[in-house]
Amino acid sequence: MDKKTSAWIQLIASSCIVVLLTAILIYGIARGGFPFISFNIGGGWHYAHSDKYSVGSGEITPDGGSLKAINVNWLDGSVDIVGSATASAITVEEQADRDLPKENQVHYWYHDGILDLQYRESSSGFNISFGRFGYNKHLTVTVPEHLCQPDSLELKTDAVSSDINIKNINAKSFDTDSVSGVIRYEGSVSTAVNCDTVSGDINVTSHLAPSSVEVDCVSANTTLLIPSTAEFHAKYDGVSGRLSFDGFDASSRGENEYDIGNGNGNHYEFDSVSGDVTIRAVS
């Protein structure tokens with residue numbers, strides 16, 4: 001084979017590869033993902049004390065007292081945490097759009113008043129798996145209301161491509177990190193609300209006025225509903241967005257800074273890139 005023929009073969013082969021990769025890229029964009037192969041490289045889905053976790057849906061009977069913390073680490077689908085006046089035990093339920101092997105089922109560990117929930121089993125190292133990355137899993141955690149006390153429960157979620165829905169939960173603090181998912185909270189938060197999100201609206205209704213609210217968001221609108229009697233200082237730092245009040249008399253302290261009532265004590269701060277913030281009074 002002469003050099004000219006060899007060069008033509010290399011050119012044709014290279015062109016075929018480019019066409020194939022382009023087709024895969026277009027398909028992936030159109031379908032919202034790449035179903036052929038997924039890569040999990042490096043640390044994997046790793047967490048400590050993995051041998052202590054239970055696998056799949058189940059029920060937990062607390063050993064007395066109130067819950068100290070609920071921690072959720074989730075990849076895709078949705079997470080519902082619901083307080084129930086009639087429940088006597090904590091239930092963990094998971095649904096998916098296909099049958100799941102044990103390693104891809106929810107893993108949970110209850111210890112010393114703390115409930116930790118993980119999307120799947122702990123893994124590490126280099127991992128290549130065929131099929132879609134993620135299983136569109138829907139997690140529902142039902143908690144007896146009497147276990148959720150606004151002076152003790154710390155609630156934390158860390159989620160990607162997942163909607164977070166929390167209802168009838170009273171907590172000391174609510175801390176969430178989210179990429180591509182709506183965050184909804186309804187209940188009471190007494191001390192701190194911290195939300196960090198990219199591409200997903202935030203809606204928080206608290207029957208108590210939190211001492212502190214910190215929101216850092218990109219491409220997301222934020223709505224905070226708190227009692228009409230609340231007094232607080234609010235600060236907004238945004239690009240392409242605004243802070244507005246509904247049902248509150250706000251006095252300006254400076255550019256994008258406002259006092260409601262005496263403005264002392266409770267401090268609410270919002271950093272936003274492309275998103276409005278509304279603080280609404282509820283009776």
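What you see is a predicted model, where local features need pLDDT of at least 70, side-chain atom pairs count only at pLDDT 80 or more, and totals for chains, interfaces and linings use all residues. Residues are numbered from 1 along each chain as its sequence is written, and side-chain values use heavy atoms, with hydrogens and water left out.

Let's start with the whole protein. Of the 283 residues, 40% are buried. The protein exposes about 14,700 Å², and 51% of that comes from carbon and sulfur atoms; such areas are computed by the Shrake-Rupley method with a 1.4 Å probe, and for residues only the protein chains shown count as cover. Now for contacts, meaning heavy atoms within 4.5 Å. Among contacts with a separation of 6 or more, 59% are between residues 24 or more positions apart.

Next, find Gln-118 in strand S8, which covers residues 114-118. Gln-118 counts as buried because its relative accessibility is 9%. Leaving aside residues up to four places away in sequence, Gln-118 touches several others, including Tyr-47, Tyr-53, Trp-74 and His-107. Trp-45 is also a neighbour, and its side chain makes a polar contact with the side chain of Gln-118 at 3.4 Å. A polar contact is a pair of N or O atoms within 3.5 Å; within protein, one must be able to donate a hydrogen and the other to accept it, and residues adjacent in sequence count only if both atoms are side-chain atoms.

Finally, turn to the salt bridges, each a side-chain nitrogen of Lys or Arg within 4 Å of a carboxyl oxygen of Asp or Glu. The count comes to six. In one of them, Asp-97 meets Arg-98 at 3.6 Å, N to O; Asp-97 is partly exposed at 40%, as is Arg-98 at 31%. Another joins Glu-121 to Arg-120, also with 3.6 Å between the closest N and O atoms. Here Glu-121 is partly exposed at 30%, whereas Arg-120 is buried at 15%.

A further salt bridge pairs Asp-246 with Arg-280, at 2.9 Å. This pair links distant parts of the chain, 34 residues apart: Asp-246 lies in strand S18 (residues 243-246) and Arg-280 in strand S22 (residues 277-282).

Technical notes. Buried means under 20% relative accessible area, exposed over 50%, partly exposed in between (1.4 Å probe, protein chains only). Helices (H or I, at least four residues) and strands (E, at least two) are DSSP runs, numbered from the N terminus.
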